Amino acid sequence: IRRLDPTVVNRIAAGEVVQRPSSAVKELVENSLDAGATSVSVVVKDGGLKLIQVSDNGHGIRYEDLPILCERHTTSKLSKYEDLQTIRSMGFRGEALSSMTYVGHVTVTTITEGQLHGYRVSYRDGVMENEPKPCAAVKGTQIMVENLFYNMTARRKTLQNCNDEYPKIVDLMSRFAIHNINVSFSCRKHGANRADVCSKLDAIRTVYGVSVARDLMEITVSDDSATGSTFKMDGFISNSNYTAKKTTMVLFINDRLVECTTLKRAIEVVYGATLPKASKPFIYMSISLPPEHVDVNIHPTKREVSLLNQESLIDTIQNAVENKLMTSNTSRTFQTQAVNSLSASHVSASKETQEGSKFSGIKSQRVPVNQMVRTDSRDPSGRLHAYMKEVSGSQYKKPDLASVRTAIRLRRNPKDTEDLTAVNELVRDIDNNVHSGLWDIVKNCTYIGLADETFALLQYNTHLYLMNVVNVSKELMYQQAVSKFGKFNAIQLSDPAPLPELLIMALKEEDLDSTGDEDDDLKKKIAEMNTELLKQKAELLDDYFCVHIDHQGNLTRLPVVLDQYTPDMDRLPEFLLSLGNDVDWDNESECFQTIAAVIGNFYAMNPPILPNPSGDGVQFYKRDIDQELLAEAKAAWAQREWTIQHVLFPAMRLFLKPPNAMATNGTFVQVASLEKLYKIFERC
């Protein structure tokens, strides 16, 4: 082990702090704001690789401070570690300028109030190259960074395209301009006369589009509870008229430009559940918190912060956004297309012949009442539950509807090209076996409610269908297991589950009538054989299907086949026994197909083992009244009904490719049509 040269250490650290030109601009602009500047100007050449020049009218840098200005860990923001608890400035480490001198050529020109002239000095590797020279200067500081990453060949090659870097800098400056309304910002390319950012309104219009400024709503939230984090939030969010392909979020916490993935997802959840087609929002938020509730020292570039009571704070903001959308979504604006000249002349002719008519043009066709579709297939929420009386005393806790609905709605399964030919063949088999008619029904139907323990009611156009929930969920889970091959998230079991015990349980359930020690010994041997087999195949199961079995023969992890859904653990013994007995381990294609099928069977939404207390199973509970057992059964069945409506059904609309067999095996059965019902009622 050798101690690295300090220059090498500093260059490595500089690569973390200054990751790209926009990182350098962010640090320099934040320094300008800390200096009390009311005007910040940025000039960029070749995307910031050739030149970054940031000028401000702040209080400047004292002559006495210039020698140590660019040394590492020299700062005017704090003097002891405890100062971090109440830090309000954006900079505090004293690393940014130092890092820039190790990866670029830095020149500083500054003048403080009351001085007759300013000073200019160049820095390299954290130290001055020469003594400060007197020069003419305007109030404030100008910092030039030239030839960024000149000594980091690999980094420079990855940033060669200046057309990609300059928009990132403009976007960054726009975010500052939106939040700091009392500061004038400008950003332009070197040699250009026109700035790309010059005011708050220009920032929104130029970078984010005209529709953003037109479709914003103001939102404010505050929380002054004694137990929670005292905070205030104000900002703007897009309304129902705003449409975009991706979410734009500008977040400031205590005037610090940061990112918060958790908050962003929480707000996307609200928009996805409230607005059609999972509209992507525009969000600008400024959150004020006590400094002691914010840990700013968790990221090398200070891009992220850690908050006290973050979950409750995000919940409060999420609820406020949801209430704002729900109460303000009273009208929508739709863009119309101009009629061509032929249509216009036809309208004029009609107007002349119809005197006294207020409207002119071709009359739109009216849909007959017996063919009118009265539901919106874009809303996956059911209709039947709205007419049912809420059952009191329910013992189960519903998950957050919005988060579940949008987590499924926002998920996309891109076709990743896998090296394994067998998996590609399975995917092709699924694609080639799709029933086009059922696929259209699945993607455009509306959930009505459960008909019984096995079937759910769906509406497609003017037709009513019964859908076998078990068959559909089994096929959906199988297809998801194939499409997520090698890319599963994991469900961590709270306690490792021993395979031998679970396998013996499954064998006893299969052979309930057997008695005697010989049968028990046989079951024990079968369980031991299957345990050894699964331990041998543990690496394959873990790598490709996220089924983790440790060296002691314990099951510790299961795959997340569908977001927000956990399989019925009462069927875990049967699942493990099927893995041992039903999988063809010799043929690669058959192996993957049978494992996916076993996973599909395990994750299928079968009825709970306990009889339904609201159905035929009510007699079971009358014979043996056990309130705890009754409550458990009610919770299990209610949870299953909720999961079918809010997890299975939206996922089915997005991901299921119904095979041809479903058209003939009773999985989908048409039970009524509006046209035929009208004929019956007309006879009456």
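1. Basis. The model is predicted, with local features requiring pLDDT of at least 70 and side-chain atom pairs counted only at pLDDT 80 or more, while totals for chains, interfaces and linings use all residues. Residues are numbered from 1 along each chain as its sequence is written, and side-chain values use heavy atoms, with hydrogens and water left out.

2. Helix pair. Helix α18 (residues 572-581) packs with helix α19 (residues 588-603) at an angle of about 170 degrees, and their axes are 10 Å apart. Helices (H or I, at least four residues) and strands (E, at least two) are DSSP runs, numbered from the N terminus. Axes are lines fitted to C-alpha atoms, for helices over the stretch in contact, with angles from 0 to 180 degrees between N-to-C directions. α18 is therefore roughly antiparallel to α19 (angles over 145 degrees).

3. Helix contact. On α18 the contact residues are Leu572, Phe575, Ser578 and Leu579, and on α19 they are Ile595, Val598, Ile599 and Phe602 (contact: heavy atoms within 4.5 Å).

4. Sheet. Three strands form an open sheet in the order β19-β21-β20, with antiparallel pairing (two strands pair if DSSP finds at least two bridges between them). β19 (489-498) and β20 (548-549) each have a single partner strand and stand at the edges, so one side of each lacks a neighbour in the sheet. β19 is joined to β21 (residues 554-560) by six bridges; Ile491 has Leu558 of β21 as its bridge partner.

5. Ile237. This residue is found in strand β10 (residues 231-238). Ile237 is buried, at 0% relative accessible area (buried: under 20%; exposed: over 50%; partly exposed: in between; 1.4 Å probe, protein chains only). Leaving aside neighbours within four places in sequence, its contacts include Asp215, Tyr271, Phe282, Val321 and Lys324.

6. Aromatic pairs. The whole structure has 13 aromatic pairs (ring centres of Phe, Tyr and Trp, the last by its six-membered ring, within 6.5 Å; planes under 30 degrees apart are stacked, over 60 edge-to-face, the rest tilted). Tyr63 and Tyr119 form a tilted pair, 4.6 Å centre to centre with 45 degrees between the planes. Tyr63 lies in the loop between β2 (51-56) and α3 (96-103) and Tyr119 in strand β4 (residues 118-124), so the pair ties together parts 56 residues apart in sequence. Tyr63 is partly exposed at 35% relative accessibility, whereas Tyr119 is buried at 15%.

How values were computed
Parallel < 35°, antiparallel > 145°, perpendicular 65-115°, else oblique.
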